[in-house]
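Good morning, and thank you for the time. Please keep the display in view while I speak.

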Amino acid sequence: MPESNTLFDTKVALIVRSDLAVWQKLNVAAFLATGIAAAAPDALGEPYVDAAGRVYGRMLGQPMLVFAADRAGLHAAHGRAVERELTIVPYVAAMFETGHDAANRAVFLAGDPEAPDWVGLALRGPRKAVDKAVKGLALHG
């Protein structure tokens with residue numbers, strides 16, 4: 001892991017649709033973050049240990065920036081991410097209606113691949129490529 005004063009070679013961006021309910025935004029961000037951790041286990045830091053010796057779980061060892069986007073912004077970011085061959089973790093609206101991972105994958109597969117109803121995307125890749133993919137999006141407020 002780089003020291004805190006050095007830049008990372010990669011960047012992580014979570015993009016969440018701006019018109020969702022707050023609980024949905026938090027849910028999408030949480031699921032997207034787990035997708036990035038699963039896609040890049042080498043990016044996980046070491047376990048946390050407190051002064052009493054209790055061991056806690058590991059977290060991604062680099063910052064994740066959270067952006068807000070409307071539907072058009074998500075579609076544009078997705079297209080740019082595909083062009084740049086970034087790691088992409090998807091979340092579509094139909095996933096709110098399912099109750100487990102297999103059902104999420106089924107509704108994602110059943111959706112229109114040319115016009116998904118994106119509610120969130122997580123991107124990871126080279127810093128400059130991720131910056132270009134999220135160009136024009138504002139950090140979530």
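I begin with Phe 31, which is partly exposed at a relative accessible area of 43%. Here buried means under 20% relative accessible area, exposed over 50%, and partly exposed in between, with a 1.4 Å probe and protein chains only. Before going further, I note that this is a predicted model, in which local features need pLDDT of at least 70 and side-chain atom pairs count only at pLDDT 80 or more, while totals for chains, interfaces and linings use all residues. Residues are numbered from 1 along each chain as its sequence is written, and side-chain values use heavy atoms, with hydrogens and water left out.

Let me turn to the aromatic rings. Rings of Phe, Tyr and Trp (its six-membered ring) pair if their centres lie within 6.5 Å; planes under 30 degrees apart count as stacked, over 60 as edge-to-face and the rest as tilted. By this rule there are 4 aromatic pairs. In one of them, the ring centres of Phe 31 and Tyr 91 are 6.1 Å apart and the planes stand at 50°, so the pair is tilted. Phe 31 belongs to helix H1 (residues 22-39) and Tyr 91 to strand S5 (residues 87-92), so the pair ties together parts 60 residues apart in sequence. Helices (H or I, at least four residues) and strands (E, at least two) are DSSP runs, numbered from the N terminus. Phe 108 is partly exposed at 34%, whereas Trp 118 is buried at 3%. Trp 23, Phe 31, Tyr 91 and Phe 96 form one aromatic cluster.

Which residues does Ala 13 touch, leaving aside those up to four places away in sequence? They are Leu 65, Phe 67, Leu 121, Ala 122, Leu 123, Val 130 and Val 134, where contact means heavy atoms within 4.5 Å. Ala 13 is found in strand S1 (residues 10-17) and is buried, with a relative accessible area of 1%.

Finally, the chain as a whole. It has 4 helices and 7 strands, in the order β-α-β-β-β-α-β-α-β-α-β. Buried residues account for 36% of its 141 residues. Its C-alpha trace spans about 50 × 35 × 25 Å along the principal axes.
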